[in-house]
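Please keep the sequence and the model in view while reading.

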Amino acid sequence: MNKVIIVGGGISGLSAGIYALQSGFDITILEKQNIHGGNSTSWRRGGYFFEGGMHWLTGSSKENPIYKVWSNLGALDDDVSVYNRDPFLTYLDNGQNVCLYRDVDKLEKHLLSISPSDKKEIKTLCNDIKKFSAISMPVMDIKGVTVKYKDKQKGSLSKLLKMLTAIPRMISLNKMSTGEYADRFSHIAIRELLKAEIPEGYDATSLIFTLATLAMGDGGYPDGGSLGMSLRMAKHFERLGGVIKYNTLVKKVLVKEDKAIGVLVDGDEILADAVVVTVDTLSAIDNLFDEPLHEKWMDMMRENAKPSMCSFIGLGIKADLSDLPENMVMTFDQPFSYAGSEIYTIEINNYSTFKGYAPEGCTSVTTTLIGDTYDYWKNAKEQGTYDDEKKRLAEAVIDRLSTKLPQIKDKVEVWDVATPLTYERYCGTYKGSWMTETGKGSKMITYPGASEEIASLYFAGQRIQPPGGLPVAAVTGRTAIQYLCRDTDTVFQGKM
Ligand SMILES: Cc1cc2nc3c(=O)[nH]c(=O)nc-3n(C[C@H](O)[C@H](O)[C@H](O)COP(=O)(O)OP(=O)(O)OC[C@H]3O[C@@H](n4cnc5c(N)ncnc54)[C@H](O)[C@@H]3O)c2cc1C
């Protein structure tokens, strides 16, 4: 067993590829685009650079076990600077801005000064954040695999104890949505900050985990952002001897006598000893095989996964916005309508201080409107109004932003809109989604990452472990290769 094909060159594909090379396999990644990274990407329009796949990265701090995974993948090391934005998020008020600081004591003091009547809820929020601090997603080895490097996680016992004391609170927060948690505050700024931090449909555990991640000095923005990170990983992969074939669309995974034997590309069969599928699992199990696959865990995924998706708007603004916060939320008196909803609040990322993101004196700004608008855009496509609707959305956003930020009025020279259809076309993900919503009452599910009925077939990617995102992509790539090693009696040699 030697030759392995990896379908997809996103973060999970690159991760699987690097771990597999380190364990001695002969690896080819087949990627349908002309570039690696998948959702972890950014692009230029008219001189502006739009960060499109990473706002913050779990595991950017050395204290988080996932840092070692990023480091093994060539994504992070001592030479890669990581920017920890603080305040992480700011509510733009006419009078006084309200900030989500990373430091919990500072946050508590600040929020109390803004809204003394919310004292009880502010104290609870800050206690929750403290309780969840020092809990990180562990990086586990699967049962039955032999690993060359045993990782002793620092302070594991004290972390375990801390985790145990947080469990009752996790259970009660899991019964509440982020929206419900936020709505307990009387002050609009606090409510909107919390809802902007994590979409309001997610359970409140996700919100507090996110805030705790930031409080621990994690969740930074590495140099080069999403594209820079995938570029470092792709280079590392190639340095280790891996091959990436771009512009190569895999049509089918070939299965013979209940074993994956290769893939079909443009009518040609490429044979291999094993196949690792890193395309969104939800889409792959329906589309990449002769018949949709129906193993128990796959049907469970079909039933439970609630895809999270967005419309992305990038703006190139001929104005220097460096006097404004880097990440801000604002509420409008007059909403605009979009896909059947009234939008009152927008969160924007202001990249004015990032070198190379915009021409001198100009600013690249991005915003995402989270929500399932897939059918809306599909319908617009079928009706022939897709481009007009994109324009209408961009203009509505620019118009409302101009009411809050008069310095941008008539200064937007570039706009770009990506819809769920864009993501679907670009990455082949289910409905163009790039994470899974862990709503209230949702269970912490991790799907196996290896087929139970087809030998030599493995899965990795954001969908394998809700809510997904970059760390899950990286870690599930590692896990898939541990299954491969286990099944082939190979020692897993990744340094983490
Ligand atoms: C706007 C936005 C903001 C985000 N912000 C964050 C953030 O701040 N933090 C965070 O952790 N995550 C964030 N994410 C999510 C994160 O980017 C994704 O979850 C992650 O990149 C998914 O990686 P993946 O490898 O699992 O899948 P993908 O990125 O979907 O990679 C799959 C790859 O397979 C390729 N492919 C698909 N079909 C085929 C085929 N048939 N043949 C060959 N190749 C194929 C695709 O082109 C793609 O390269 C964000 C995503 C978006 C869109």
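**Helix 8**

The buried residues of helix 8 are Ala204, Thr205, Ser206, Leu207, Ile208, Phe209, Thr210, Leu211, Ala212, Thr213, Leu214 and Ala215. A residue is buried if 20 or more other C-beta atoms lie within 10 Å of its own, exposed if 12 or fewer, and partly exposed in between, with C-beta atoms placed from the backbone. The model is predicted: local features need pLDDT of at least 70, side-chain atom pairs count only at pLDDT 80 or more, and totals for chains, interfaces and linings use all residues. Residues are numbered from 1 along each chain as its sequence is written.

- Since 12 of the 12 residues of helix 8 are buried, this helix is largely enclosed by the rest of the structure.
- Helix 8 (residues 204-215) reaches 16 Å from its first C-alpha to its last, close to the expected 16 Å; the expected span is 1.5 Å times one less than the number of residues.
- After helix 8 comes Gly217, with a positive phi near 80 degrees.

**Overall form**

- The protein holds 15 helices and 21 strands; these are DSSP runs numbered from the N terminus, helices being H or I of at least four residues and strands E of at least two.
- The radius of gyration of the protein is 23 Å, close to the 23 Å that the globule rule gives for 496 residues, so the protein is as compact as a globular protein of that length. This radius is taken over C-alpha atoms, and the rule is 2.2 Å times the number of residues to the power 0.38.
- Of the 496 residues, 49% count as buried.
- Among contacts between residues at least 6 apart in sequence, 72% join residues at least 24 apart; a contact requires C-beta atoms, placed from the backbone, to lie within 7 Å.

- The axes of helix 3 (residues 104-114) and helix 4 (residues 119-132) come within 10 Å and cross at roughly 170 degrees. That makes helix 3 roughly antiparallel to helix 4, a label for angles over 145 degrees. Axes are lines fitted to C-alpha atoms, for helices over the stretch in contact, and angles run from 0 to 180 degrees between N-to-C directions.
- Residues of helix 3 including Leu107 and Leu111 belong to a group that meets a group in helix 4 including Ile122 and Cys126.
- The buried residues of helix 9 pack against helix 1 (11-22), strand 3 (42-45), strand 4 (48-51), strand 8 (221-222) and strand 9 (243-245). Among these buried residues are Leu227, Met233 and Phe237.
- Just after helix 9, Gly241 takes a positive phi of about 105 degrees.

- An open sheet of 5 strands has the order 9-2-1-13-21, with parallel pairing; two strands pair if DSSP finds at least two bridges between them. Strand 9 and strand 21 (457-459) are the edge strands, each pairing on one side only.
- Strand 1 (residues 3-7) and strand 2 (residues 26-30) run parallel and are joined by 5 bridges. The bridge partner of Ile5 in strand 2 is Thr28.
- Helix 1 packs on the sheet, touching strand 1, strand 2 and strand 13 (274-277), and its direction makes about 170 degrees with that of strand 2.
- Strand 16 and strand 17 (residues 341-350) run antiparallel, joined by 8 bridges. Met330 stands opposite Ile346 in strand 17.
- The hairpin of strand 16 and strand 17 has 2 residues between the strands, and Ala339 there takes a positive phi near 50 degrees.

Key: Contact = placed C-beta atoms within 7 Å. Parallel < 35°, antiparallel > 145°, perpendicular 65-115°, else oblique.
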